[in-house]
Amino acid sequence: MWRSLSQSVRGASIPPCSPHLCLSRENEERVRRCLSPPSLSPSSSSSSPSLRPPTAGILLPLCRVGSRPSLLLTLRSPSLSGRHSGDVSFPGGRRDEGDRDYVDTAIRETQEELGMSVSREQVWGTFQPLRDRSGTLVVAVLANLGDLDLGKLRPNPAEVEDAFTVPIEHFCRERNCRYTRFRRGERWSYTLPVYPSTKYRVWGLTAVVIDSLLPILIPGHYCNIFSTLPPPSCKDTGPGGAHR
């Protein structure tokens with residue numbers, strides 16, 4: 001599911017950019033050119049509503065905490081139903097009929113979850129849709145929130161257990177970037193990135209999106225996990241998969 005997202009942002013030659021400068025106007029203009037324009041109609045996937053898969057939009061909130069460019073993340077409430085309760089995620093969710101596009105969905109969900117208003121002018125662009133494990137088409141929407149004071153957020157306790165930030169430079173350290181290989185029977189099935197050294201463990205779709213974002217946000221400073229994977233060895237055993 002992650003390959004279409006990754007390939008959509010790695011086709012062009014991208015000059016290096018320091019994590020400390022990733023929110024600069026120059027870098028914003030470059031990243032905008034790498035992404036789709038901030039308007040992608042939810043109905044474009046099919047002309048028949050009955051044939052369209054469920055769709056969702058998530059916000060990738062860049063921000064500045066003090067002087068450090070960061071990502072804003074949430075910890076989903078453990079009281080939520082579904083397999084992702086208690087997981088780290090980006091704000092977002094299923095689109096409503098009144099949403100014009102995925103940008104509207106991501107902005108509305110962010111307001112509902114965190115009590116934060118985000119304008120369309122703050123959006124840099126969107127990634128190509130990808131499917132999660134349930135079959136839902138998910139579009140990631142990249143935005144820059146500017147200076148952020150976590151104390152001013154108003155998380156909805158029914159949906160969000162915690163809101164926290166991770167400095168972009170954190171992901172440039174190899175010790176903070178890991179992966180897990182999953183297998184079916186005797187064969188390796190797929191590999192997912194994992195970031196274990198944040199406030200909470202980041203994995204699943206959230207980690208996949210981060211792993212796809214960073215090569216264009218800070219090219220030359222983040223080593224994409226999937227480009228450096230060693231071949232599975234006979235020592236990589238265990239009931240759930242192999243970990244690095």
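**View 1. The exposed face of helix α2.** Arg25, Glu26 and Arg33 are the exposed residues carried by the face of α2 that is turned away from its buried side. As in the other views, the structure shown is a predicted model.

**View 2. The buried face of helix α2 and its cover.** Within helix α2, which spans residues 25-34, the buried residues are Asn27, Glu28, Arg30 and Val31. Seen down the axis of α2, these buried residues fall within an arc of 165°, so they line one face of the helix. The elements that cover the buried residues of α2 include the strands β5 (123-126) and β7 (137-147), together with helix α4 (204-217).

**View 3. The protein as the setting for the close-ups.** Four helices and eleven strands make up the secondary structure listed for the protein, and 48% of its 244 residues count as buried. Among contacts between residues at least 6 apart in sequence, 68% join residues at least 24 apart. The protein exposes about 12,000 Å², of which carbon and sulfur atoms supply 49%.

**View 4. Cysteines without a disulfide.** A search of the whole structure finds zero disulfides. Cys63 is in no disulfide, and the nearest cysteine sulfur, which belongs to Cys22, is 9.9 Å away, whereas a disulfide would require a pair of cysteine sulfur atoms within 2.5 Å. Cys63 is buried, with a relative accessible area of 0%. Cys177 is likewise in no disulfide, the nearest cysteine sulfur being that of Cys172 at 7.9 Å, and Cys177 counts as buried at 6% relative accessibility.

How values were computed. Residues are numbered from 1 along each chain as its sequence is written. This is a predicted model: local features need pLDDT of at least 70, side-chain atom pairs count only at pLDDT 80 or more; totals for chains, interfaces and linings use all residues. Side-chain values use heavy atoms; hydrogens and water are left out. Buried means under 20% relative accessible area, exposed over 50%, partly exposed in between (1.4 Å probe, protein chains only). Helices (H or I, at least four residues) and strands (E, at least two) are DSSP runs, numbered from the N terminus. The arc is that of the directions from the helix axis to the C-beta atoms. Contact means heavy atoms within 4.5 Å. Accessible areas come from the Shrake-Rupley method with a 1.4 Å probe; for residues, only the protein chains shown count as cover.
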